[in-house]
Amino acid sequence: MSGLVPDVTFVVAAYNAAGTIVRAVESALRQEGVSVEVVVVDDRSSDGTLEIVSTIADPRVRLIALEQNRGPGGARNAGLAAARGKWIAVLDSDDTVRPDRLARMIERAEKTGAQVVVDNLDVVSLDGRSVRMFAEAELAKRPLLTLPAFIESNVIFRAQHNFGYMKPVFERHFLQEHDLRFDEALRIGEDYILLASALASGGRCAIEPSAGYIYHIREGSISRVLKLDHIDAMMSADEAFLRRYPLDILSERMQRKRTRGFHQARSFLLLVEQLKNRSLAGALKAALADPLALRHLHMPIAVRLRRLAARSANTAPMTAAAEPPPLGDSPHKQRTIEWTASGPSGKQ
């Protein structure tokens, strides 16, 4: 690629993405009206991802092979460090973007003097169905995404319109000026902390109502499960965020709601763990310790409690939604509670 600074650098963190990486990269290269480069960071894949990307014969594509697995945040940080574009767009290795996405987003950002811009998403389910995540008319009423609104939309169990699913595009100079990077300790929620930090640093975030990002659901995605260690890691990241950034009154109020949500989620996980272990006494103790956690159990758990009390032989595993999808029945990558030990990182 020439020494000219591209308009956009796409950062694609790839871990065992052999089946989707070419589709993702090609969608980035098809951007219209802007110049692009694509930085693919292979996070020690074991399925041939590295070899596949190395065969892409386009000078706009650069490949970085990490010597050890750093997780989604670490891989993206490696891409940020190598980026040369004026704007940086993060693209998951199994997702795609429409050809006019970046031109529209940059135009929107420049018109509003924003250093960050987000847009709508189309969510494609495993069976190929596509659903628009947010109503364009509703987003059009909200020209800017503020920090209080962003925090409130990311309250676990309660958020109906989770802006955390949006994929922001950042002005590279702004990230550098404020020393903003992904939290490498997080395997889930690293996107939230980066955008929250950008907003807390004084960044203006414009909203483009049209959908330019296509969010593909696939099995094995890390964003589909929520576990106790995820909750603990996100709470720890929030604490670090609060130590670094003083919040305005409204943001503080929303943050308290988010923190309470985490505590309830933690109690919920502990409660279901007791149910999984068929311990009625332990489940009752956990429920009494945080009665608010009971509101999320609903009928399936009530049935389970009755079965435990009756010493039923039915021991089927149970999964419960950690937060509702942003638009009711949309089939996007819903975070769910999975009652197993944490596995390797999935979707990056």
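This is a predicted model: local features need pLDDT of at least 70, side-chain atom pairs count only at pLDDT 80 or more; totals for chains, interfaces and linings use all residues.
Residues are numbered from 1 along each chain as its sequence is written, and side-chain values use heavy atoms, with hydrogens and water left out.

**View 1. The chain as a whole.** The chain has 12 helices and 11 strands; helices (H or I, at least four residues) and strands (E, at least two) are DSSP runs, numbered from the N terminus. Of its 348 residues, 54% count as buried. Buried means under 20% relative accessible area, exposed over 50%, and partly exposed in between, with a 1.4 Å probe and protein chains only. Among contacts (heavy atoms within 4.5 Å) between residues at least 6 apart in sequence, 79% join residues at least 24 apart.

**View 2. Helix α9 and its buried side.** Helix α9 (residues 228–244) has 17 residues and should span 24 Å at 1.5 Å a residue, which agrees with the 25 Å between its end C-alpha atoms. The expected span is 1.5 Å times one less than the number of residues. The buried residues of α9 are His230, Ile231, Met234, Met235, Ala237, Asp238 and Phe241. They cover an arc of only 165 degrees around the axis, which puts them on the same side of α9; the arc is that of the directions from the helix axis to the C-beta atoms. An α-helix has 3.6 residues a turn, so residues three or four places apart point the same way.

**View 3. Aromatic pairs.** The structure holds 5 aromatic pairs. Rings of Phe, Tyr and Trp (its six-membered ring) pair if their centres lie within 6.5 Å; planes under 30 degrees apart count as stacked, over 60 as edge-to-face and the rest as tilted. Tyr165 and Tyr215 form an edge-to-face pair, with 6.2 Å centre to centre and 85 degrees between the planes. Tyr165 lies in the loop between α6 (147–153) and β8 (169–171) and Tyr215 in strand β9 (residues 205–216), so the pair ties together parts that are 50 residues apart in sequence. Tyr165 counts as buried at 4% relative accessibility, and Tyr215 is buried with a relative accessible area of 4%. The rings of Phe241 and Tyr245 have centres 5.2 Å apart and planes at 45 degrees, so this pair is tilted. Both Phe241 and Tyr245 are buried. Ring pairs also link Tyr165, Tyr213 and Tyr215 into a cluster.

**View 4. Arginines over ring faces.** Arg76 lies over the face of Phe182, at 5.4 Å from the ring centre. Arg258 lies over the face of Tyr192, at 3.7 Å from the ring centre. A charge sits over a ring if NZ of Lys or CZ of Arg is within 6 Å of the ring centre and within 35 degrees of the ring normal.

**View 5. Nonpolar cores.** A nonpolar core is a set of buried Ala, Val, Leu, Ile, Met, Phe, Trp, Tyr and Cys residues joined through side-chain atoms within 4.5 Å. The largest has 79 residues, of which Phe10, Val38 and Val40 touch the most other members. Helix α8 (residues 190–200) gives the largest share of this core, 7 residues. A second, separate core of 7 residues includes Val39, Leu66, Ala75 and Ala82.

**View 6. Arg62 in strand β3.** Arg62 is found in strand β3 (residues 61–65) and counts as partly exposed at 25% relative accessibility. Leaving out residues up to four places away in sequence, Arg62 touches Glu37, Val38, Val39, Val40, Ala82, Ala83 and Arg84. The C-alpha atoms of Arg62 and Glu37 are separated by 7.7 Å.

**View 7. Gln255 in helix α10.** Gln255 is found in helix α10 and is buried, with a relative accessible area of 3%. Its contacts, not counting residues up to four places away in sequence, are Ile151, Tyr192, Asp238, Phe241, Leu242 and Leu247.

View 8. Phi of Arg44 is near 60 degrees, and Arg44 is partly exposed, with a relative accessible area of 48%. Asp179, in the loop between α7 (172–177) and α8, has a positive phi of about 50 degrees. Asp179 is exposed, at a relative accessible area of 54%. Most residues other than glycine have a negative phi.
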